[in-house]
Structure formats: structure tokens, C-alpha cells
Amino acid sequence: MPQFTQTDQRPTAGSLAHPMEARQPESISGMVDLSHTVFDGLLTYKGLPPPVITDYMSRTDSRKFYTDGTEFHIGRIDMVANTGTYLDSPFHRYEGGKDLSELPLEKLADLPGICIRPKRFPVDCDAFENNDVAGRAVLVDTGWSAHWRTDQYFEHAPFLTESAARFLVQNKAALVGIDSVNIDDMNDKRRPVHSILLQNEIPIVEHLTNLSCLPSHGFRFFAIPVKVKAFGTFPVRAFAIP
Ligand SMILES: [Zn+2]
């Protein structure tokens, strides 16, 4: 299990980000976009294929269906469920667990949020103690999204411990999010954090970004996937309203 401290591993935010992923400041409305941009060829997770985005109907091809000057584009995307910033439902881990279509909106939208900035990795119970996580979207700001689209993103990434997952269940967190490649230790093939949180119907959001733009308290969090039957994971447009 890799052990390292925040000071020697936490990247400088924005220093390694791809130009397409330049940090987005809060919008005029105050909303904070916490999602990565999905595009053709994006590698989200090593070993999974990147999305292939093509035209199903190009603007040129569409013209024959409409009057002069009227055209449309219909795109096609072929992707695995785990693409970009995404949400895991219990079905991702458990055959009998709730799938995306069965998750109530109350578990995904307008959740009171809390942003945790752990002092050391892996992220253990001490990061969450003395914080009221009950009923909240608990977002873990590790700074690792600065490595998005680099090889470093997949190596020695921050994760939560099994005891941290148990703590979050016992203290009734509503949802848990992280700006890292996996909420679990990728070397632990039991995937205890996924197993514990999803068994307790606590959705997980991974590959968040821009968490440093959030206050520690006092925001609402939204991460709503498409309502797909018999599907466990789907990209979300995650955002917060301070
Ligand atoms: Zn996951």
C-alpha cells in the first residue's frame, strides 16, 4: 500500500492539466463545474477503451431532409460506462443492487455538500472525524485531478481506506466523491470502499475536478446520470452551487 504525505505528492493544481482541462473558475451564477470534458479518444481508466465519437448524421448529410438553410447534427458515442467524471450505483458492484434507473433523485441532486481536504494519504477516518457528514455529499479534495490525462494519474493515486468507508456508512453519508482515479486502492482487489459504500446504497462519484474551488461547507451538490436500466455507472455533469 503506497504511503506518502500530502506535501510531497499533492500536485500544484493546474500545473499538469491538459489545455482542454484548464481550471474553470466559478461562473457568474456561482455554479462550480466539477466535471471533466469527455471527448473522442479520452483515456479515463487504464485498460478501458476510450470513447469513439463520430457523426451518425453529418450536417451535410442532413440537408436533404430539410428546407434550404436548415441542417442538424446527430452524433454517436461508443463508450464504456466508466468514462469521464462518473457515478457508480449499487448495481455496478452488486447484481441485485439498485441500477441507475432506480436511484432516486434525492440521492443525486441538491444534496448538502461538505468538502474534505485530507492532510495525509491514504484517506482514513481522521480526515472525516469532527465533520458532520450525515445526509451530505462528502467530496474528498486530494488535488489529484491536476494529473488528469497524464501517466501520473494512474500511479500511486490517493484513495480511501476500508475503515474510512465504514466510518462514512456509520455516520450516514449520502454520497461520496473523489477527484482521483479510484476511490479504492487499485492494488486491493477486494475493492472494499466500493463494496461497503455501494452495499449501503451510497453512490460514488470518481474523477471529479475543481474541488479546490469549493468552500468546505455550505454548497449543494448535483451529479445526475442518465436513467439507464440494468446499468451501474454513467458519466455525470457534476456541479456545485455554493
Ligand atoms: Zn468506481
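A residue counts as buried when 20 or more other C-beta atoms lie within 10 Å of its own, as exposed when there are 12 or fewer, and as partly exposed in between, with C-beta atoms placed from the backbone. What you have here is a predicted model, where local features need pLDDT of at least 70, side-chain atom pairs count only at pLDDT 80 or more, and totals for chains, interfaces and linings use all residues. Residue numbers start from 1 along each chain as its sequence is written.

**The chain overall**

- The protein chain has 5 helices and 13 strands; these are DSSP runs numbered from the N terminus, with helices being H or I of at least four residues and strands being E of at least two.
- Of the 242 residues in the protein chain, 37% are buried.
- Take the contacts (C-beta atoms, placed from the backbone, within 7 Å) between residues at least 6 apart in sequence: 74% of them join residues at least 24 apart.
- On pLDDT, the predictor's confidence in each residue from 0 to 100, the protein chain averages 91, and 88% of the residues score at least 70.
- Residues 1-23 are the stretch to treat separately: pLDDT stays under 50 there, and the model has 40 contacts for them beyond four places in sequence.

**The nine-stranded sheet**

- An open sheet of 9 strands runs in the order S2-S13-S11-S6-S8-S9-S10-S5-S12, with mixed pairing; two strands pair if DSSP finds at least two bridges between them.
- Strand S2 (32-33) and strand S12 (233-235) are at the edges with a single partner strand each, so one side of each has no neighbour in the sheet.
- Strand S11 (residues 217-222) is joined to strand S13 (residues 239-241) by 3 bridges, and the two run antiparallel.
- Strand S6 (residues 111-116) also pairs with S11 in the antiparallel sense, over 4 bridges.
- Arg 220 in S11 is the bridge partner of Pro 112, and Arg 220 is itself partnered in S13 by Ile 241.
- Phe 221 has Ala 240 as its bridge partner in S13.

**Strands S3 and S4**

- Strand S3 (residues 52-57) and S4 run antiparallel, joined by 5 bridges.
- Within that pairing, Thr 54 stands opposite Arg 76 in S4.
- Strand S4 (residues 74-78) is hardly covered, with a count of 0 buried residues among its 5 residues.
- Asp 78 belongs to strand S4, and Asp 78 touches Pro 51 and Val 52, leaving aside residues up to four places away in sequence.
- Asp 78 and Val 52 are 26 residues apart along the chain, yet their C-alpha atoms are separated by 5.1 Å.

**Helix H5 and its surroundings**

- Helix H5 (residues 192-199) lies across strand S5 (86-88), strand S9 (175-178) and strand S10 (204-206), running at about 140° to S10; axes are lines fitted to C-alpha atoms, for helices over the stretch in contact, and angles run from 0 to 180 degrees between N-to-C directions.
- Helix H4 (residues 162-170) packs on H5 at an angle of about 10°, with the axes 8 Å apart.
- The buried residues of H5 are Val 193, His 194, Ile 196, Leu 197 and Leu 198, and their cover includes S5, helix H3 (90-93), H4, S9 and S10.
- Just after H5, Glu 201 takes a positive phi of about 55°.

**Lys 227 in its loop**

- Lys 227 is found in the loop between S11 and S12 and is partly exposed, with 13 other C-beta atoms within 10 Å.
- Leaving aside residues up to four places away in sequence, Lys 227 touches Leu 100 and Ser 101.
- The C-alpha atoms of Lys 227 and Glu 102 are separated by 7.9 Å, although the two residues are 125 apart along the chain.

Methods
Two residues are in contact if their C-beta atoms, placed from the backbone, lie within 7 Å.
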